[in-house]
Amino acid sequence: MKQRVITAVVALIIFIPIILAGGIWIDIAAAVLGIVAISEILVMKKKLLISPEAIISYIGVLSIIAPESWINILPAHASQFFLFYILVMLLLLYTVFSKNRFSFDDAGVLTLGMLYIGIGFHYFLTARHVGLTMLLYALFIVWTTDSGAYIFGRMFGKHKLAPHVSPNKTWEGSIYGSLFGTIICSIWAWFFPIPGFSGILMVLVTLCLSIVGQFGDLVESSLKRYYGVKDSGKILPGHGGILDRFDSLLFVLPTLHLLGII
């Protein structure tokens with residue numbers, strides 16, 4: 001517990017000024033987080049962090065995360081999508097020359113990982129560019145839902161939610177967590193309203209995002225279960241890896257975009 005607290009305090013000391021500063025700092029932070037997250041998938045796949053597939057994966061996830069201002073240096077016809085496609089083709093081409101060390105399945109996992117991580121962190125910096133309150137809204141949804149699910153799950157949890165993936169999660173914790181997160185974050189949205197969204201609609205949107213965030217948590221738990229690891233990484237002592245800390249947010253932020261909020 002002491003280690004978790006120390007890690008959390010140090011992370012917040014670093015993280016909060018970056019969020020407040022925004023601009024280039026949030027762009028760099030999203031890029032670094034994305035590279036670390038894709039490296040965690042590489043480690044789970046037992047791939048070297050310095051290898052052709054790793055380097056292609058790093059560039060691929062950056063090509064998705066990067067704000068438009070970074071891509072403007074490319075020729076007009078070289079869109080982000082086209083650049084990413086070229087990198088995926090390089091991964092597939094590498095299966096030919098790797099002497100069976102790198103397979104089509106490996107390329108598929110890394111491609112999916114680049115999309116999953118890249119799109120999530122792209123909208124992380126997009127939310128901050130929209131405004132500080134927007135990113136805080138997304139963060140508070142995740143934090144309050146997780147806290148509510150943990151607290152109420154320990155108090156009332158009896159029925160397992162997905163024991164084959166995450167044996168400690170319960171239906172009671174999930175439901176109460178979403179209700180708690182919805183109430184707290186709807187109050188936040190009342191003081192910092194989103195243009196075009198009425199009070200009732202924001203409550204429904206917040207509830208939806210709270211549920212989506214829990215799906216993100218379960219997806220990452222399923223990933224770890226498949227590869228037989230307790231944590232996605234060790235970069236945050238007592239908390240695990242970047243995917244462990246941002247799993248819910250990687251689902252919530254793209255959903256904010258799908259709903260037309262960011």
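Which helices each supply at least two residues of the lining of the second largest pocket? Before I answer, please keep in mind that this is a predicted model, in which local features need pLDDT of at least 70 and side-chain atom pairs count only at pLDDT 80 or more, while totals for chains, interfaces and linings use all residues. Residues are numbered from 1 along each chain as its sequence is written, and side-chain values use heavy atoms, with hydrogens and water left out.

The helices are H6 (104–130) and H9 (199–227), a helix being a DSSP run of H or I with at least four residues, numbered from the N terminus. A pocket here is an open set of points on a 1 Å grid over the protein atoms alone, where a 1.4 Å probe fits, with protein on both sides within 12 Å along at least five of seven lines, and lining residues have an atom within 4 Å of a point. The second largest pocket holds about 230 Å³ of space, a volume being the space filled by probe spheres set on the points, which are joined across faces, edges and corners. Among its lining residues are Ile41, Tyr116 and Tyr227.

Let me turn to Phe140, which lies in helix H7 (residues 132–156). Phe140 counts as partly exposed because its relative accessibility is 25%, and that class runs between buried, under 20% relative accessible area, and exposed, over 50%, with a 1.4 Å probe and protein chains only. Leaving aside neighbours within four places in sequence, Phe140 is in contact (heavy atoms within 4.5 Å) with Thr145, Cys185 and Trp188.
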